[in-house]
Amino acid sequence: MFDPQARPARDAAVAHNARAWDRLAESKAALAQPAADAAFTDPRRWLGAGGWLAGEGQGRSWLPSRLDGLEVLCLAAGGGKHGPLYAAAGARVTVFDSSPAMLALDRQVAAERRIDYGMVQGSMDDLSMLAAGRFDLVIHPVSTCYLPEIGRVFQEVARVTRAGGLYVSQHKSPASLQSSLEPGPRGSYELRHPVAGPQAGRALPPEPPSRLREHGTQEFVHSLSAILGGICMAGFVIEDVCEPDHTEPQAAVGSFPHRASFLPPYLRILAKKQAAAASLALA
Ligand SMILES: C[S@@+](CC[C@H](N)C(=O)[O-])C[C@H]1O[C@@H](n2cnc3c(N)ncnc32)[C@H](O)[C@@H]1O
C-alpha cells in the first residue's frame with residue numbers, strides 16, 4: 001500500500017521524471033545512448049570486467065558464473081544499453097522503465113539487432129505486473145534519486161526476486177547529492193542540502209546540466225539508512241558494497257574526476273535475497 005499522504009508527491013515526481021527522461025532520450029543525452037557495437041562482440045566481458053558487475057571496491061567480479069537462461073530484470077534501465085547486452089549474453093531479459101522514449105530506444109535496438117526481450121513501462125516502486133519470485137538477477141542503475149521515498153522500491157524488488165537471487169543496484173551517494181557541484185575558492189566542496197530533519201525530503205534545487213545531475217529531472221537525496229537499511233529490511237543480505245573509482249591523476253580542479261576524489265559520486269551494492277528460513281527474531 002502506498003502511504004496516501006505521500007502519494008501526491010510520489011505521483012508528481014514519477015510523471016515529472018518520465019517526461020524529463022523522454023526529453024533526455026530525444027536529445028540523445030549521454031545516459032540515453034544504446035550500447036556500442038563493440039560491446040556486442042563479447043557482451044559477458046563488457047558486463048563483467050570493468051563494466052556494471054565489476055565489484056571494483058574489493059576487486060572481484062559480481063558477474064554470475066552463467067547468464068544464459070537466467071531471468072534478468074533491468075530495472076529503471078531503459079535506453080538500449082543493459083537489456084540488449086544481457087539478452088545477447090543469453091539471459092531472458094525484461095527492461096522496466098517509466099519513460100516511453102527510453103523504452104523506445106530498447107525497442108529500436110532490439111529490432112535492429114534482432115534480439116528478443118521484454119519491455120514494461122511503469123514506476124519501479126510498483127512492480128505489480130511482474131510475478132513474485134520470477135527473477136534470478138535484478139540490475140538497477142542509478143534511479144532511486146528520482147523518487148521521494150524508496151522503501152517500497154526495495155520491497156517490490158524483493159518480491160519479484162527468487163530466494164538466493166541477486167540484486168545489484170547503483171545509487172547517487174547521499175554526500176555527493178548534498179554537496180555543491182563546483183569547488184569554492186580553496187578548491188573544496190561545500191555540504192549544502194540536508195539529508196535528515198524537517199528540511200530533508202524535498203526535491204533538490206535545479207542545477208545546470210552536468211554528469212552529476214540530469215537536466216530537467218527532479219532529484220531527491222536518500223540517506224544511507226534509507227538505501228542500505230531499506231535493502232536489508234526488504235529481505236536481502238548485503239554481500240558487498242563499492243564506490244566505483246572515477247578519479248584521475250592530475251584532474252583539473254572542478255572537473256568530474258577532481259570532485260570524485262572528494263566525493264565518490266556513486267554507491268554500488270550487491271545483495272542476495274534471503275531464503276525464508278526460520279531464524280532468531282529480533283525484539
Ligand atoms: C540513469 S538512467 C539508467 C539507464 C541508462 N540507460 C544507463 O545508461 O544506465 C535512469 C533511468 O531511470 C528511469 N526512471 C526514472 N524514474 C523512474 C521510475 N520511477 N520508475 C522507473 N524508471 C524510472 C529513467 O527513465 C531512466 O531511463
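How many helices and strands are there in the protein chain? In this predicted model, the protein chain holds nine helices and nine strands. Its radius of gyration is 19 Å, close to the 19 Å given by the globule rule for 283 residues, so the chain is as compact as a globular protein of that length. The C-alpha trace spans about 55 × 50 × 40 Å along its principal axes. Of the 283 residues, 50% are buried. The accessible surface of the chain amounts to about 13900 Å², and carbon and sulfur atoms account for 54% of this area. When contacts between residues at least 6 apart in sequence are considered, 71% of them join residues at least 24 apart.

Seven strands are arranged in an open sheet with mixed pairing, and their order is E5-E4-E3-E6-E7-E9-E8. Strands of a sheet pair through backbone hydrogen bonds, in either a parallel or an antiparallel manner. Strand E3 (residues 71–75) and strand E4 (residues 92–97) run parallel and are joined by five bridges. Within this pair, Leu75 has Phe96 of E4 as its bridge partner.

Helix H6 (residues 151–160) lies across E3, strand E6 (135–140), strand E7 (161–172), E8 and strand E9 (266–273). The direction of H6 is at about 150° to that of E7. Helix H8 (residues 224–233) lies across E7, E8 and E9, and runs at about 15° to E9.

The cysteines were examined next. A disulfide is a covalent bond between the sulfur atoms of two cysteines. With a cut-off of 2.5 Å between cysteine sulfur atoms, the count of disulfides is zero. Cys145 is in no disulfide, and the nearest cysteine sulfur, that of Cys242, is 17 Å away. Cys145 counts as buried because its relative accessibility is 3%, which is under the 20% limit. For Cys232, the closest cysteine sulfur is also in Cys242, at 16 Å, which is too far for a bond. Cys232 has a relative accessibility of 39% and therefore counts as partly exposed.

Terms used: Residues are numbered from 1 along each chain as its sequence is written. This is a predicted model: local features need pLDDT of at least 70, side-chain atom pairs count only at pLDDT 80 or more; totals for chains, interfaces and linings use all residues. Side-chain values use heavy atoms; hydrogens and water are left out. Two strands pair if DSSP finds at least two bridges between them. Helices (H or I, at least four residues) and strands (E, at least two) are DSSP runs, numbered from the N terminus. Contact means heavy atoms within 4.5 Å. Axes are lines fitted to C-alpha atoms, for helices over the stretch in contact, and angles run from 0 to 180 degrees between N-to-C directions. The radius of gyration is taken over C-alpha atoms; the globule rule is 2.2 Å times the number of residues to the power 0.38. Buried means under 20% relative accessible area, exposed over 50%, partly exposed in between (1.4 Å probe, protein chains only). Accessible areas come from the Shrake-Rupley method with a 1.4 Å probe; for residues, only the protein chains shown count as cover.
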